[in-house]
Amino acid sequence: MTPPETPPHPTRPLQPTGRRCVCPGSYDPVTNGHVDVVTRAAALFDEVVVAILHNPAKQGAFTVPERIGLIEDAVGHLGNVRVGAWADTLVVDVCREVGAGSMVKGLRSGTDYAYELPMAHMNRHLSGVETLFLAADPTLTHVSSSLVKEVVRYGGDVAGLVPDAVLTALHGRIGRDRG
């Protein structure tokens, strides 16, 4: 007679399937900084799940299906990356659902580290999921989705900071004619 399986204790590490990680974010919109982190994670893991985490009560610049399309366009050349979206959930629950024992986040500065570290500790406490931090490409440390949207809204140029498809979408959605 085999002993009954016990459910995993919340602080016990997950038993991941392969080497899979989650790269969580709102991706509204995806930037070249995001693409860099996902690309580097794809070189380290067998599979990367880009997890769009969103609150349906909040209106983003782009709909979730639009974000999925823009991300897939940006990282579609990476065969081990898939994109999904989750609403009103903890990232550790996304990790459990997809069988990932870790998540990867990019850090642009010490401020990002100070913000992300307590979340990493809480996520590990809740589920055993480990958070790995990748230092941002130094040429992209000033890039954030919110700053990109603001610059475009006031007619500034963000070429080279976002994928070409995102640049086109931003100009169509929130860009101002410079005419």
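**View 1. Thr-131 in strand 5.** Thr-131 has its place in strand 5 of this predicted model. Strands are DSSP runs of E with at least two residues, helices are runs of H or I with at least four residues, and both are numbered from the N terminus. Thr-131 counts as buried because its relative accessibility is 16%. Buried means under 20% relative accessible area, exposed means over 50%, and partly exposed lies in between (1.4 Å probe, protein chains only). Beyond its neighbours within four places in sequence, Thr-131 is in contact with Met-103, Lys-105 and Ala-120. Contact means heavy atoms within 4.5 Å.

The model is predicted: local features need pLDDT of at least 70, side-chain atom pairs count only at pLDDT 80 or more, and totals for chains, interfaces and linings use all residues. Residues are numbered from 1 along each chain as its sequence is written, and side-chain values use heavy atoms, with hydrogens and water left out.

**View 2. The whole fold.** The protein has six helices and five strands. Along the sequence they follow the pattern β-α-β-α-β-α-β-α-β-α-α. Of the 179 residues, 44% are buried. Among contacts with a separation of 6 or more, 76% join residues 24 or more positions apart.

**View 3. Strand 2 and its partners.** Six of the eight residues of strand 2 are buried, so the strand is mostly covered. Strand 1 pairs with strand 2 in the parallel sense, over six bridges. Two strands pair if DSSP finds at least two bridges between them. Cys-21 has Val-48 in strand 2 as its bridge partner. From strand 1 the chain crosses through helix 1 to strand 2, and this β-α-β crossover is right-handed. Right-handed means that, with the strands pointing away from the viewer, the path from the first strand over the helix to the second runs clockwise. Strand 2 also pairs with strand 3 in the parallel sense, over seven bridges. Here Val-49 has Arg-82 in strand 3 as its bridge partner. Strand 2, helix 2 and strand 3 make a right-handed β-α-β unit.

**View 4. Helix 1 and its cover.** Helix 1 runs over residues 32–44. Its 13 residues should span 18 Å at 1.5 Å a residue, and its end C-alpha atoms are 19 Å apart, which agrees. The expected span is 1.5 Å times one less than the number of residues. At the start of helix 1, a side-chain oxygen of Thr-31 reaches to within 3.2 Å of the backbone nitrogen of Gly-33. The buried residues of helix 1 are Asn-32, Gly-33, Val-35, Asp-36, Val-37, Val-38, Ala-41 and Ala-42. Their cover includes strand 1 (20–25), strand 2 (47–54), helix 2, strand 3 (81–87), strand 4 (102–107) and strand 5 (130–135).

**View 5. Arg-67 in helix 2.** Arg-67 is found in helix 2. Arg-67 counts as buried because its relative accessibility is 8%. Leaving aside neighbours within four places in sequence, Arg-67 is in contact with Ser-26, Tyr-27, Asp-28, Ile-52, His-54, Gly-60 and Phe-62. Arg-67 and Gly-84 are 17 residues apart in sequence, and their C-alpha atoms are 9.9 Å apart.

**View 6. Two sides of helix 6.** In helix 6 (residues 164–173), the buried residues are Val-166, Leu-167 and Leu-170. They cover an arc of only 100° around the axis, which puts them on the same side of helix 6. The arc is that of the directions from the helix axis to the C-beta atoms. Asp-164, Thr-168 and Gly-172 are exposed on the other side. Helix 2 (64–75) and helix 5 (145–153) are among the elements that cover the buried residues of helix 6.

How values were computed. A polar contact is a pair of N or O atoms within 3.5 Å; within protein, one must be able to donate a hydrogen and the other to accept it, and residues adjacent in sequence count only if both atoms are side-chain atoms.
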